[in-house]
Amino acid sequence: MIDILENVATRWLSRRAEPQPTAVAAVRDLTPAVVITGGSSGIGLALAHQFAKYAQAIVLIARTQNRLDRAVIALATEYPGIRVEPLLLDIGRPDAVEIIAAWLTEKRLYCDVLVNNAGVGQSGPFSASDPSGLDAVIATNIAAVARLTRAMLPDMLARGRGGILSISSLGALIPGPHQATYYASKAFVVSLSEAIRSEVAGRGVRIAVVLPGPVETRFHARMNAEGALYRHFLKAASPERVAALAMRGYRLGRGVIAPGMIPTLAIPVLRILPHAVTVPVVRWLLDTGRPLLPGDRAR
Ligand SMILES: NC(=O)c1ccc[n+]([C@@H]2O[C@H](COP(=O)([O-])OP(=O)(O)OC[C@H]3O[C@@H](n4cnc5c(N)ncnc54)[C@H](OP(=O)(O)O)[C@@H]3O)[C@@H](O)[C@H]2O)c1
């Protein structure tokens, strides 16, 4: 059934597609790849397993060699029929786009689907935030998403096919005291994705954004948020379930994907309720008790 619905969605999304013969010919001898940033763990790795069922090649990008190696071995073992290629790279580097483009050419691959998944968080009061951590959130969650999307989209439009799936968060819909920069960065991803989807409607390229609630990955510990109340009050979904639902929504041509019951219920509520009501609740859930200034007493 889902195959039929996917075909219907593809026809609708391609109703104004204008494949250019030169663009199609340029990739005739290359292998189409699904390029997944942050593909070595958590949601990105789970998405790699989903895409591996349909793709000819998967490219996993991350910064830590041993985790990347483990992810490649796991994927290649489970899906021996496809190419799995690791690229060790910090996508927050200003030259990341050029590095990826040159590397794909060298490997005789081209980006058919881009998954903007890599993301980092930062928890604690904004006034006490580490400036380098703040830069990392902006470089990874905002700049890299915009630059990579800008780099890959024109060729996809010229071929009249392709897709860009970006991982945002439920936090995109509300300001997040104690994770202020992270929540704002995810709002950027939703806004960018929905705007581009409208611009390219019907031209054959799927543009989708996923808004997960809490997911059980290393993400929370890495930003030192394990002490926050949301980790105790909100049940975290598994990355595998989030990835399976994201893939389903992507295949069905959805623009905004709510992966699971919490996001499905929360998205309309968060869009309707005023921030005066929601922000204090979010602040209570995200607070780790760290002080606003180094000299202040911890709460
Ligand atoms: N976990 C949640 O509750 C949750 C909820 C909503 C949305 N999300 C979003 O889901 C996405 C994936 O998060 P996750 O929970 O799966 O976290 P994760 O397990 O920490 O995975 C993050 C992945 O991104 C990679 N990465 C991080 N920064 C990178 C950079 N600058 N360049 C290249 N790779 C980078 C990491 O590998 P290296 O560190 O080795 O580079 C890792 O592969 C993020 O965008 C996150 O904001 C997560």
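Start by picking Ile164: across from it, in E6, stands Ile207. Before moving on, a word on ground rules: this is a predicted model, where local features need pLDDT of at least 70 and side-chain atom pairs count only at pLDDT 80 or more, while totals for chains, interfaces and linings use all residues. Residues are numbered from 1 along each chain as its sequence is written, and side-chain values use heavy atoms, with hydrogens and water left out.

Now widen the selection to 162-167 and 205-210. These are strands E5 and E6, running parallel and joined by 6 bridges. (Strands are DSSP runs of E, at least two residues, and helices are runs of H or I, at least four, both numbered from the N terminus; two strands pair if DSSP finds at least two bridges between them.)

Next, show the whole sheet. It is open, with 7 parallel-paired strands in the order E3-E2-E1-E4-E5-E6-E7. E3 (83-88) and E7 (256-257) are the edge strands, each with a single partner, so one side of each has no neighbour in the sheet.

Select 180-199 for helix H7, which lies across E5, E6 and E7 and runs at about 155 degrees to E6. (Contact here means heavy atoms within 4.5 Å; axes are lines fitted to C-alpha atoms, for helices over the stretch in contact, with angles from 0 to 180 degrees between N-to-C directions.)

Last stop, the ligand. There are 31 residues around it, and Thr64, Asn117, Tyr182, Thr217 and Arg222 come nearest (the cut-off is a heavy atom within 4 Å). (Polar contacts are pairs of N or O atoms within 3.5 Å.) The protein buries 99% of the 880 Å² that the ligand exposes when taken alone (Shrake-Rupley, 1.4 Å probe).

Finally, colour H8 (219-222): with 3 residues, H8 gives the most to the shell.
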